[in-house]
Amino acid sequence: MSRQNTRLDQKKVNTELLTLAYGSFVTQILHDQNLNIDEVNKNLERIGYNIGLRLIEDFLSRTAAPRCLEMRETADRIQQAFRIYLNIQPAITNWSSSSDEFSLIFENNPLIDFVELPPEFSNLRYSAIICGCIRGALEMVQQEVQCFLVQDQLKSDSCTEIRVKFIRRLEDAIPAGED
Amino acid sequence: MINNLYIFDKYGNLLYYDEWNRPKKGEIKQEEEQKLMYGMLISIKSFVNRLSPTDTREGFLYYKTNKYALHYLETPSGLKFVMNTDVAAMNVREFLQQLYGKVWVEYVVRDPLWEPGTEVTSSLFKSKLDDFVKQSPIFGIRNI
Amino acid sequence: MIIYGIFIVSKSGTLIFDLDYNIPRIENEKTFSYPLDLVLDYNDPKNVSVIFGQKDGISVGHVLLSVNGSSTSGHTLEDGRNIKEVLETKESYPLTLKFSRPKITTNEKISLSSVFYSLYSIASQLSPELKSSGIEILEADTFTLHCFQTKTGVKFIIISEVGVHGMDILLKKIYELYADYALKNPFYSLEMPIRCDQFDTKLQALLEQVEKTGINNL
């Protein structure tokens, strides 16, 4: 049994399968939550967060990247992760003047192919799973961030824009009695 | 020659321990030994950071005594891999980096039944790790 | 070959000698405009340090030395103003801030020595092999520590750049100097700090010789 062989072969899985699976997954949650959109948004973010907590290890082991000590480095790594996992290259722009906040902008969001958001779901943050994933992954490397959708192609924006804002550095837990 | 391996998470929980060659054992309880090991790593880290003449990035890499060498790899997510070998073993850190990617990420991180922070009990992981260690050039040779 | 420093630690773990030989001074001064793009930590009452957002040589862990040329002391400036307030006020800018990698104080050296003393014995205790010594070499990405423990339990420690050879020879030479110019001096008491001019001069000469002609000519 060798899982190694299937791991890196991107051609084997059709993106549409991901898109469709994610679509039916979101609609199922909508039903499970009795169409309570706020609750669904939270759920999608939390699921992404749980993915991020694990996906970071895969990323670190592939790239052998060192710990980020400034936000521009963090932005580059996130961009690299988008290339590896979604095969898209978001632009990094709109830096705040104190360099602690930036946007990732991309047009070809694979999660939203074929999706048309009905008017009654206009508050649904369909791609919130990506935001959660970024937040979870960064938390594992001692960075607390806020991450949210600013522009959404499902809401007639021309692109998807995700904002990432640095909140604080989390300190490693150290056992009692140690320096 | 590879002696043993400890894997800790960033909170100091021992996620996995295994040994292959261990002439000395049983002097202190296993649980106490693990705590002592983690405490020592934390002390070494802050010691190195303070003593370093210039800014560190990876920090502590290994130490050697007259009988064994302790090699250390910490990922940015705070996972700590500690492997004891004979003093002549080469490229152990690279080996740990591979172990992280090819065995840990593959069979633990991707295992949906594994709860982060808990000890790894998967027998698939154990056997894959064992194979991985035993096929390594570091494993068999006893250098003096 | 760069040697950064030498320590001698007594049998009971106290620091009895230390020498900073070649410690690089790492300081950076830069003018900033509002808002400040460094994340600073104000939790330590002794200093203000960088916690995130390193740039232009100013790294995480560096402490703030001066603001517009006025030195800092704890969280206040020479004129008594609170640093945090100054840095968070838009009208204060532009500000010239000087940061440095914190220097090791004598007190810290004493505590680092006793930390190493216990690390040395724990390393022997945690050995998977029988009858192991303590740490003889400890390597980090920025330096190597070489330790030689005499049969009487005195530890000689050299901090050098990574990848140098022959430090064991140099350690034995320093041991000889210690035996000659400290122990044979009737006014030197055991376990006490070594304050012997002859020892200092000879050690200095030894280090200069090693630096010039290499370790093999000893």
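Where is the place of C:Pro94 in chain C? I looked this up before anything else, noting that the model is a predicted one. I found C:Pro94 in the loop between helix H1 (83-88) and strand S9 (95-100) of chain C. I then checked the peptide bond that leads from C:Tyr93 to C:Pro94, and I recorded it as cis, with omega near 0°.

**Entry: another cis bond in chain C**

I turned to C:Pro35, which sits in the loop between strand S3 (27-32) and strand S4 (39-41) of chain C. The bond that joins C:Tyr34 to C:Pro35 is a cis peptide bond, and its omega is about -10°.

**Entry: chain C as a whole**

I counted four helices and 12 strands in chain C. I compared its radius of gyration with the globule rule: a compact globule of 218 residues would come near 17 Å, but chain C has 22 Å. Along the principal axes, I found that its C-alpha atoms fill a box of roughly 65 × 45 × 35 Å. Buried residues account for 28% of the 218 residues of chain C. I also looked at contacts between residues at least 6 apart in the sequence of chain C, and 49% of these join residues at least 24 apart.

**Entry: chain B as a whole**

I listed four helices and five strands for chain B. Their order along the sequence reads β-β-α-β-β-β-α-α-α. For 144 residues the globule rule gives a radius of gyration near 15 Å, and chain B has 15 Å, which agrees. I noted that the C-alpha trace of chain B spans about 45 × 35 × 30 Å along its principal axes. In chain B, 35% of the 144 residues are buried. Of the contacts in chain B between residues at least 6 apart in sequence, 44% join residues at least 24 apart.

**Entry: where chain B meets chain C**

How many residues of chain B are in contact with chain C? I found 33 residues of chain B in contact with 35 residues of chain C. On the side of chain B, strand S1 (2-8), H1 and strand S3 (60-64) are the elements that give two or more residues. H1(B) gives the most, with 10 residues. By class, I recorded 14 nonpolar, 10 polar and nine charged residues on this side of chain B.

I next followed H1(B), residues 30-51, to its packing against helix H2 of chain C, residues 106-125. The two helices pack at an angle of about 145°, and their axes are 10 Å apart. H1(B) passes H2(C) in a left-handed crossing. From H1(B), I noted B:Leu36, B:Met40, B:Ser43, B:Ile44, B:Phe47, B:Arg50 and B:Leu51 in the contact. From H2(C), the contact takes C:Glu108, C:Leu112, C:Val115, C:Phe116, C:Leu119 and C:Ile122. I sorted the residues of this helix contact into 10 nonpolar, one polar and two charged.

**Entry: helix H5 of chain A**

Is H5(A) largely enclosed or exposed? I found 12 of its 13 residues buried, so H5(A) is largely enclosed by the rest of the structure. Among the buried residues are A:Ile129, A:Cys131, A:Arg135, A:Leu138 and A:Met140. The cover over the buried residues of H5(A) includes helix H3 (37-63), helix H4 (71-86), strand S3 (143-151) and strand S4 (160-169) of chain A.

I also checked the length of H5(A), residues 128-140. At 1.5 Å a residue, its 13 residues should span 18 Å, and the end C-alpha atoms are 19 Å apart, which agrees. Just after H5(A), A:Gln142 takes a positive phi of about 65°.

**Entry: a loop residue of chain A**

I located A:Asn123 in the loop between strand S2 (101-106) and H5 of chain A. A:Asn123 has 11 other C-beta atoms within 10 Å, so it is exposed.

B:Asn91 is not a glycine, yet I found a positive phi of about 55°. B:Asn91 lies in the loop between strand S5 (80-85) and helix H2 (92-109) of chain B. With 13 C-beta neighbours inside 10 Å, B:Asn91 counts as partly exposed.

C:Asn68 is not a glycine either, and its phi is positive, about 50°. I placed C:Asn68 in the loop between strand S6 (63-67) and strand S7 (70-73) of chain C. C:Asn68 has 13 other C-beta atoms within 10 Å and is partly exposed.

Terms used
Residues numbered from 1 in each chain as written. Chains lettered and ligands numbered in written order. Predicted model: local features only at pLDDT ≥ 70, side-chain atom pairs only at ≥ 80, totals over all residues. Axes fitted to C-alpha atoms, helices over the stretch in contact; angles between N-to-C directions. Left-handed = near helix turned anticlockwise from the far one by under 90°. Contact = placed C-beta atoms within 7 Å. Nonpolar A, V, L, I, M, F, W, Y, C, P; charged D, E, K, R; others polar. Expected span 1.5 Å × (residues − 1). Buried ≥ 20, exposed ≤ 12 C-beta atoms within 10 Å, placed from the backbone. Rg over C-alpha atoms; globule rule 2.2 N^0.38 Å.
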